[in-house]
Amino acid sequence: MENFRIGIPSKGRLAEVATELLGEAGLKFRRQDRSLFARVRDMPIDITFLRTDDIPVLCAEGAIDMGITGSDLVQEAEVDVETRMNLGVGKCRLALCVPEETEWQNVADMKECRVATSFPNVTRRYLEANGATPHLVNLSGSVEVMISLGIADAIVDLVETGSTLAANRLKIFAEIGNYETILIQNQQKRQPELADRIVRRLEGVVIARDYSLLEYNIQRDKLAEAEKITPGFNSPTINPLEDNAWCAVRAMVKRKEVIDVMERLDQLGASAILQTNIANCRL
């Protein structure tokens with residue numbers, strides 16, 4: 001039987017993200033020079049290095065079994081693949097942007113305007129659904145300068161911080177959608193047990209990145225209040241200390257909430273409050 005194939009971007013930031021995720025999930029490989037394939041150690045899996053834009057199409061056509069790509073690219077490709085999981089990285093917005101001085105009140109006012117974008121399918125669907133009939137200028141790469149060049153009246157592009165828009169004197173007129181990096185699978189679902197095993201491994205990494213392990217000591221008469229602050233994933237782990245008036249607590253806490261939780265525990269009288277990052281987990 002042919003090895004299971006996972007397609008990842010061949011270069012760029014998303015390539016680094018995909019390689020790191022797979023490595024942390026135990027799918028370790030080494031790419032030789034500019035080779036298009038790499039074998040995962042100790043598993044019947046081949047990693048295929050592809051253009052990010054091509055991954056949704058190649059997954060749908062069966063050239064690869066799974067792929068790591070952007071959800072925006074899947075929507076743009078209009079292909080039939082299954083999204084197995086969100087990977088929690090590469091979050092961005094696709095937005096309709098116009099010059100700062102534009103006085104349009106809503107999308108329907110943009111009748112027959114010129115819109116530059118590298119997402120023509122998503123853009124057309126959105127504008128037509130909102131009563132506009134655009135002339136699309138389909139471009140690859142950066143589109144922010146197309147208005148100043150006189151090529152377009154508006155653009156549709158991915159937005160992260162908005163600093164590039166400000167530099168080009170543009171503003172967000174409407175948000176089309178929110179996107180992130182995802183794991184997709186071909187609908188044929190070849191080698192389903194292996195595919196599920198890969199998903200579980202990646203889930204362990206993604207969940208671990210969102211949580212920290214918090215440990216602290218608390219007086220028993222304050223334990224109920226402490227458990228409200230740190231309920232844990234299912235429940236906290238409670239262990240007795242040599243001093244029977246005290247106990248030790250361990251609980252998973254959302255990483256973005258750790259500082260606030262530690263302050264609340266400190267105010268409650270907890271001591272020896274320790275945060276430990278989690279590299280991997282199974283829940």
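Mentor: Helices (H or I, at least four residues) and strands (E, at least two) are DSSP runs, numbered from the N terminus. This is a predicted model, where local features need pLDDT of at least 70, side-chain atom pairs count only at pLDDT 80 or more, and totals for chains, interfaces and linings use all residues. Residues are numbered from 1 along each chain as its sequence is written, and side-chain values use heavy atoms, with hydrogens and water left out.

Trainee: What makes up residues 208-280?

Mentor: Over that stretch the chain is 29% helix and 40% strand, with the end C-alpha atoms 5 Å apart. An unreviewed UniProt entry places "domain: Histidine biosynthesis HisG C-terminal" there; such annotations may be inferred rather than shown by experiment.

Trainee: Why is I151 called partly exposed?

Mentor: Buried means under 20% relative accessible area and exposed over 50%, with partly exposed in between (1.4 Å probe, protein chains only). I151 has 36%, so it is partly exposed. I151 lies in the loop between β8 and β9.

Trainee: How do you know that the buried residues of α8 line one face of the helix?

Mentor: In α8 (residues 258-268), V258, V261, L265 and L268 are buried. Seen down the axis, they fall within an arc of 85°, so they line one face. The arc is that of the directions from the helix axis to the C-beta atoms. I259, D266 and Q267, on the other side of α8, are exposed.

Trainee: What follows α8?

Mentor: G269, whose phi is positive, near 110°.
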